[in-house]
Amino acid sequence: MKKFKYMDKILLITTILLFLVGLLFIYSSSSVKSYMGGAAAYNYFKKQSIFLLACVVIAIIILKIPLKDFYFSGTVLFFVSIILLFLLIPFGHEVNQAKSWFKLYGFHLQPSELFKPLLVVFLAFYYDKYKNKLNNLKKLYPPSILYPPIILFSVGTIFSRSEERFSRN
């Protein structure tokens with residue numbers, strides 16, 4: 001529980017309040033629709049609450065992972081997400097007029113949703129690892145030349161999928 005001791009309390013309280021306000025908005029905006037559809041008025045609220053609780057449990061598990069392991073696995077998963085973004089081009093499944101999903105046994109996976117948080121983890125690892133060399137690009141030569149084009153292409157792939165959807169409307 002050492003990590004909780006050093007956690008930013010204001011950020012934690014703000015996040016919890018946003019979760020609760022989000023649940024309140026979901027209940028207020030969907031209770032009538034749910035009730036009119038024949039389900040309980042709190043149907044969407046209940047589903048979102050379960051999902052939120054699962055995410056909190058996952059967050060607590062992630063907090064217990066040592067930072068070194070998290071950086072390594074985050075970096076590996078980051079490059080896996082880039083490969084998945086490349087694989088969208090030939091194997092992507094169209095949902096809501098955007099070919100940005102994989103359909104696996106009835107489960108839909110959107111690689112861009114994996115890519116975004118993993119990009120943050122990867123960049124945090126990268127800047128932490130090379131923090132003493134950031135002022136001299138010659139010392140950063142291989143990664144500084146290789147990573148930006150990969151990241152830009154991946155982000156471009158995400159935006160091009162969004163543009164496909166909007167250009168069809």
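From the N terminus on, the elements of the chain run α-α-α-α-β-β-β-α-α, which comes to 6 helices and 3 strands. Helices (H or I, at least four residues) and strands (E, at least two) are DSSP runs, numbered from the N terminus. This is a predicted model, in which local features need pLDDT of at least 70, side-chain atom pairs count only at pLDDT 80 or more, and totals for chains, interfaces and linings use all residues. Residues are numbered from 1 along each chain as its sequence is written, and side-chain values use heavy atoms, with hydrogens and water left out.

**The chain as a whole**
- Of the 169 residues of the chain, 21% count as buried; buried means under 20% relative accessible area, exposed over 50%, and partly exposed in between (1.4 Å probe, protein chains only).
- Among contacts (heavy atoms within 4.5 Å) between residues at least 6 apart in sequence, 54% join residues at least 24 apart.

**Helix H4**
- The end C-alpha atoms of H4 are 34 Å apart, which agrees with the 36 Å that its 25 residues should span at 1.5 Å a residue; the expected span is 1.5 Å times one less than the number of residues.
- The buried residues of H4 are Tyr71, Gly74, Thr75, Phe78, Ser81, Ile82, Leu84, Leu85 and Leu88.
- Thr75 lies in helix H4 and counts as buried because its relative accessibility is 13%.

**Helix H5**
- H5 covers residues 111–129, and its 19 residues reach 26 Å from first C-alpha to last, close to the expected 27 Å.
- A kink of about 25 degrees is centred on Leu118 in H5; the bend at a residue is the angle between axes fitted to the seven residues ending there and the seven starting there.
- Buried residues of H5 include Pro111, Phe115, Leu118, Leu119, Phe122 and Tyr126.

**How H4 and H5 pack**
- H4 (residues 67–91) and H5 pack at an angle of about 140 degrees, with their axes 8 Å apart. H4 is therefore oblique to H5: angles under 35 degrees count as roughly parallel, over 145 as roughly antiparallel, 65 to 115 as roughly perpendicular and the rest as oblique.
- Axes are lines fitted to C-alpha atoms, for helices over the stretch in contact, and angles run from 0 to 180 degrees between N-to-C directions.
- Among the residues that meet are Phe70, Tyr71, Phe78 and Leu85 in H4, and Leu114, Phe115, Leu118 and Asp128 in H5.
- Leaving aside neighbours within four places in sequence, Thr75 is in contact with Phe122 and Phe125.
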